[in-house]
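Me: I am new to this structure. Please show it to me, then take my questions one by one.

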Amino acid sequence: YEYYKSPPVIGDAVSGNSNQLSSSSSSLSLSTSLEEKHGEFFKNLVERMKPHVFELEEGEGQEEGQAQIEARPRQFYHLHHMKTGGTSLSNLISCATRRYETIYQRFHGQEQGHGHKNNNDKAQANTQANAKAHIPSFRLSECSKHGYERCVMQKQESCRNSIESAAVMTYCAPLAITDYFNWGGTHGRNTYTNSAGTNGSNTRSISSSSSSSWIPSVTMLRDPVNRVWSMYRFQMKYCYQCKPLLQIYDDIDNGNTDQYSGICLPQITNHLTRNLLTNLTFDELNNYTSTMTDEQKVNDAIHSVRNRFTVVGILERLEESLDLFSYSFPWLSEDIRDLSSLEDLFNGGDHHHDTMNMNSDFDWKSAIDETESTCTFPHSNSSPRNNGCGEGRTHLDVPSQPDEETRRVIEQHNMLDKKVYEAALDHFELQKLAVNWVEGEGFE
């Protein structure tokens, strides 16, 4: 359990990354400042965050009079960290994909079936106009221990087939698992090379290699103290046996960990950092271990924040995060009637196939009611109303925020996460600037 123990305080060298954004965003108000500070990285971020839509293709089957249209595999994934609003985001994604399927089937080809010279042409056009869209989705979670292990370690065929064919994936698992299932690919993927240090010892250093197979993705992060406390309240009985959190950390520090199951301790000790590592061997991935130094872990995780995702959201800044998600993925908009046209939903952006041929005179917004058009960010997986930790298995009231001593100990055991979260806050500001950037003109 060495990986779980309280880490040393990371030195300033770890956070002293020349690529990180200054805490003052005012210095970035001029385009020259952005170019000087971030250069090619910022340009790539602008390009990465441009709107993405689903690419569709004809499916293998076809019902009579209705074409079967499917989203091609590997188009979008969500990396879910527990107690960061990830379940709520997953529910939003599920709602949005179902909405997409419904709207596509209703409005596809409003101009189809008109003006054709013969009945065969008209029948074929009508078949396309009645196309039924399907967006295959799948979820893999290490919280479902047995199913996860069967899929990852025993190579269960049905699970792997679902991952292979999915257009949309949710991984409640370390980022490294996306590479294991060929869902990786990055704008500058993290890799390690071994080299001899000045003292003759072997060191591991980060280098970057580009990949053309980058897959659009999102993740949501949260202040480490808030996330740990929420996790503790959520799993107080099942994971933590109704013990005070300070006692649990004392057990960790003294190696008394056999009484705790699987993922319970990793969830309260630098979980965000571990989840964002890409340089894990298969054994390290499954045994919650790593031979990396703390500095390497932090740098690897920060590199992932900056390069592995289309959008990184921050739960403490939820509304802004949802705006960024819907900018890069119009189909995630809360209400699609807010889009200027259905072209934005089906054909917009630079990454698309022509999938919709809309009649420009058709009043599509009036044809959709609120229940069909809206997908909200729900409050899912809140702390239980009865945690079973009170007398007679009744509810034990636990404050919504930890006391000062508990907060201090949480911070001590999550120093790596604190560094990564601070870097994510900086990156969040860059993302906000990127969506308002016009090439050659600066900000809109």
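Reply: Start with the largest pocket: α3 and α8 (224-234) each supply at least two residues of its lining. Helices (H or I, at least four residues) and strands (E, at least two) are DSSP runs, numbered from the N terminus. A pocket is found on a 1 Å grid over the protein atoms alone, as an open set of points where a 1.4 Å probe fits, with protein on both sides within 12 Å along at least five of seven lines; lining residues have an atom within 4 Å of a point. This is a predicted model, where local features need pLDDT of at least 70 and side-chain atom pairs 80 or more, while totals for chains, interfaces and linings use all residues. Residues are numbered from 1 along each chain, and side-chain values use heavy atoms, without hydrogens or water.

Me: What is the volume of the second largest pocket?
Reply: Its lining has 23 residues, including E142, K145 and Y288. They divide into 14 nonpolar, five polar and four charged. A volume is the space filled by probe spheres set on the grid points, which are joined across faces, edges and corners. For the second largest pocket that is about 410 Å³.

Me: How many residues apart in sequence are the parts that C95 and C375 tie together?
Reply: A disulfide is a pair of cysteine sulfur atoms within 2.5 Å. C95 and C375 qualify, with S to S at 2.0 Å. C95 lies in helix α3 and C375 in the loop between α15 (370-373) and α16 (404-412), so the separation of the tied parts is 280 residues.

Me: Which strands are the edges of the three-stranded sheet?
Reply: Two strands pair if DSSP finds at least two bridges between them. This open sheet has the order β1-β2-β4, with mixed pairing. Each edge strand pairs on one side only: they are β1 (56-58) and β4 (132-134).

Me: Do β1 and β2 run parallel or antiparallel?
Reply: Three bridges join β1 to β2 (residues 68-71). E57 stands opposite E70 in β2, and E58 opposite I69. The direction of β1 and β2 is antiparallel.

Me: Why is one side of β5 and of β10 left without a neighbour in the sheet?
Reply: The open sheet of five strands has the order β5-β6-β3-β9-β10, with parallel pairing. β5 (137-141) and β10 (311-314) stand at its edges, so each has a single partner strand.

Me: What is the bridge partner of H78 in β9?
Reply: Strand β3 (residues 76-79) and strand β9 (residues 217-221) pair in the parallel sense over three bridges. In β9, the partner of H78 is V218.

Me: What angle does α17 make with β10?
Reply: Helix α17 (residues 415-434) packs on the sheet, touching β9 and β10. Contact means heavy atoms within 4.5 Å. Axes are lines fitted to C-alpha atoms, for helices over the stretch in contact, and angles run from 0 to 180 degrees between N-to-C directions. For α17 and β10 the angle is about 115°.

Terms used: Ala, Val, Leu, Ile, Met, Phe, Trp, Tyr, Cys and Pro count as nonpolar, Asp, Glu, Lys and Arg as charged, and the others, Gly among them, as polar.
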